[in-house]
Amino acid sequence: MTIAIMITAKITRGRAMLDDFLTRAALAGLGVALAAGPLGCFVVWRRMAYFGEATSHAAILGVALALAFSVNIFVGTLVVALLMALTVSALAGRGLAMDTTLGVLAHAALAFGLVGVSFLQGVRVDLTAYLFGDILAVSRSDLGFIWGGALAVLALLAWRWSALLTSTLNEELAHASGIDTGRERMVLTLALALVVAVAIKVVGALLIVAMLIIPAAAARGPSRTPEGMAVLAVVVGAVSALGGLWASLSYDTPAGPSIVAVSALIFAGMLVLPRRS
Amino acid sequence: MSLITAENMSVRFGGDTVLRDVDFTIEPGEIVTVVGPNGSGKSTLLRALLGVRPPSAGHVRRLPGLTIGYMPQRLTLDGRMPLTVRRFLSLPVRRAPRDVAGALERVGVPGVEEQQMDALSGGQFQRVLLARALLAHPQILIMDEPTQGLDQPGTAAFYRLIEEVRQETGCAILMVSHDLHVVMSASDRVICLNGHVCCQGTPTVVSNAPEYRALFGLGTGGAFALYQHAHDHAHDNCDHDHGEDHAGQGHAG
């Protein structure tokens, strides 16, 4: 009986906690850090930064389309980001000059998204929320999408981890071990689209790539194995999220950019540490 | 039964035909060296045989269930990915520490497990790649320019190691080399590639004659042999010299 009361009390307290916008913001930041850490390592290892830019900028187009057709924004950004990632992936397979192509696609998607939003009638949209994130306005259902998406990315990467690492090291080596490198590339493409959809509310379309690259780059120095680097990237991302949130409250700075700024400071601090070998 | 067979295989890259009408086969236990100038399609041949790049015409057949030990030319590392030798040897299949230690011992670099891959010397790196390939107990070892970056004694030592491995395990060996004339003396067959198979045959084992000693240096233990090209056709755009008197210049390629 007492146990039942205690559990009920705990659940009520838990609900009350989620009512606090600050708790929701912190949990949202941690969710993004959890998925962005390991995926960010692959972005760094495979030089996919521009690929990430194209995918995340396309998310703005997703926001515009979702608002126009009254679809859930998470679903809209996920679909458009996935389409963009698949397009880029297909073009890469055809051996086109990638950085120019990606540059065109990334900025075209952003521009069409911004133009598209301006056409929306009757909807007053604060675009800065999607460009730079609005972590303090994360709702309970947003939190559900963020953690659901983040855990899906983690599960996907954990499942394919060895095959992904091997195909990242050398394509022929992976094929000789019976790994389909095309399929592994699709796994990363899907994970990237998911992270973009998850992170747009937290850091915004323009800074998603920063949350992928900076924690991973900061984690490189002290790490000895790929797994160590991925775990440390999550830690750096989590500290950045909480630190940025704190800075945002203390100094009344925008939350998304503050999170990225903290991660950049951690990166700079890691550079001072000697690299272990 | 042949381990890998290619029939009438052509491979296109973009609009260019990189390989044309290639017939290729390798038998169990055979050592085949593929030579050819830069851009002759050597790496493309390996990629097609491994199944990375499907042929635009013809067929590639690998023995069902064939285990391949592959040694790439390089890894995408350049400092971005931290990777110990131990972790690398367990990709993608986890290997027991004892097997890892044994494989490193066998290839002559015992105890490097905890070193970072990009901190290894050229010779150590090649041997670690070989150790990883051997851990798969391969029926065929495929190597893409395994001696690139090694000096002549280093290359000779590596060739002798490969020969020992073949004797111990009986695996077939397919090796690509940019060196047109000087090949591993244990090669059963040398294939000269230049967009197509130019010619193939057995290498001539280097004798102890003073002129060869002068060419290959002392103490290489007979690891090298010469391949004398016997072309029956002329090339319009041939950028390599088939003359036998240029035997020593292969390294420049």
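**Labels and their cut-offs**

Modeller: Over all chains, the structure holds five aromatic pairs. Rings of Phe, Tyr and Trp (its six-membered ring) pair if their centres lie within 6.5 Å; planes under 30 degrees apart are stacked, those over 60 are edge-to-face, and the rest are tilted.

Biologist: Why is the pair of A:Phe42 and A:Trp45 called edge-to-face?

Modeller: The ring centres of A:Phe42 and A:Trp45 are 5.1 Å apart, which is within the pairing limit, and the planes are at 80°, so the pair is edge-to-face. A:Trp246 and A:Tyr251 form another edge-to-face pair, with 5.9 Å from centre to centre and 90° between the planes. This is a predicted model in which local features need pLDDT of at least 70 and side-chain atom pairs count only at pLDDT 80 or more, while totals for chains, interfaces and linings use all residues. Residues are numbered from 1 along each chain as its sequence is written, chains are lettered from A and ligands numbered from 1 in the order in which they are written, and side-chain values use heavy atoms, with hydrogens and water left out.

Biologist: What makes the separation of A:Phe42 and A:Trp45 about one helical turn?

Modeller: A:Phe42 and A:Trp45 are three residues apart in helix H2 of chain A, which means about one helical turn between them. Helices here are DSSP runs (H or I, at least four residues), and strands are runs of E (at least two), numbered from the N terminus. A:Phe42 and A:Trp45 also belong to one aromatic cluster with A:Trp161.

Biologist: Why does A:Trp246 count as exposed?

Modeller: Buried means under 20% relative accessible area, exposed means over 50%, and partly exposed lies in between (1.4 Å probe, protein chains only). A:Trp246 has 54% relative accessibility, so A:Trp246 is exposed. A:Tyr251 is exposed as well, at 57%. By contrast, A:Phe42 and A:Trp45 are both buried.

Biologist: How do you know that the side chains of A:Asp142 and A:Lys201 meet in a salt bridge?

Modeller: A salt bridge needs a side-chain nitrogen of Lys or Arg within 4 Å of a carboxyl oxygen of Asp or Glu. For A:Asp142 and A:Lys201 the N to O distance is 2.9 Å, so the pair qualifies. The pair links distant parts of the chain: A:Asp142 is in helix H7 of chain A and A:Lys201 is in the loop between helix H9 (181-199) and helix H10 (208-220), 59 residues apart. A:Asp142 is buried at 17% relative accessible area, and A:Lys201 is partly exposed at 24%.

Biologist: Why is A:Glu184 counted as buried?

Modeller: A:Glu184 has 0% relative accessibility, so A:Glu184 is buried. A:Glu184 and A:Arg183 meet in a salt bridge of 3.9 Å, N to O, and A:Arg183 is partly exposed at 47%.

Biologist: How many residues does the contact take from chain A and from chain B?

Modeller: Contact means heavy atoms within 4.5 Å, and this one takes 27 residues from chain A and 26 from chain B. The two chains bury about 2,400 Å² between them, 57% of it on carbon and sulfur atoms. Buried area is the accessible area (1.4 Å probe) that two parts lose on being put together, summed over both.

Biologist: Which salt bridge does A:Glu227 form?

Modeller: A:Glu227 pairs with B:Arg87, with the closest N and O atoms 2.7 Å apart. The count between chain A and chain B is four salt bridges.
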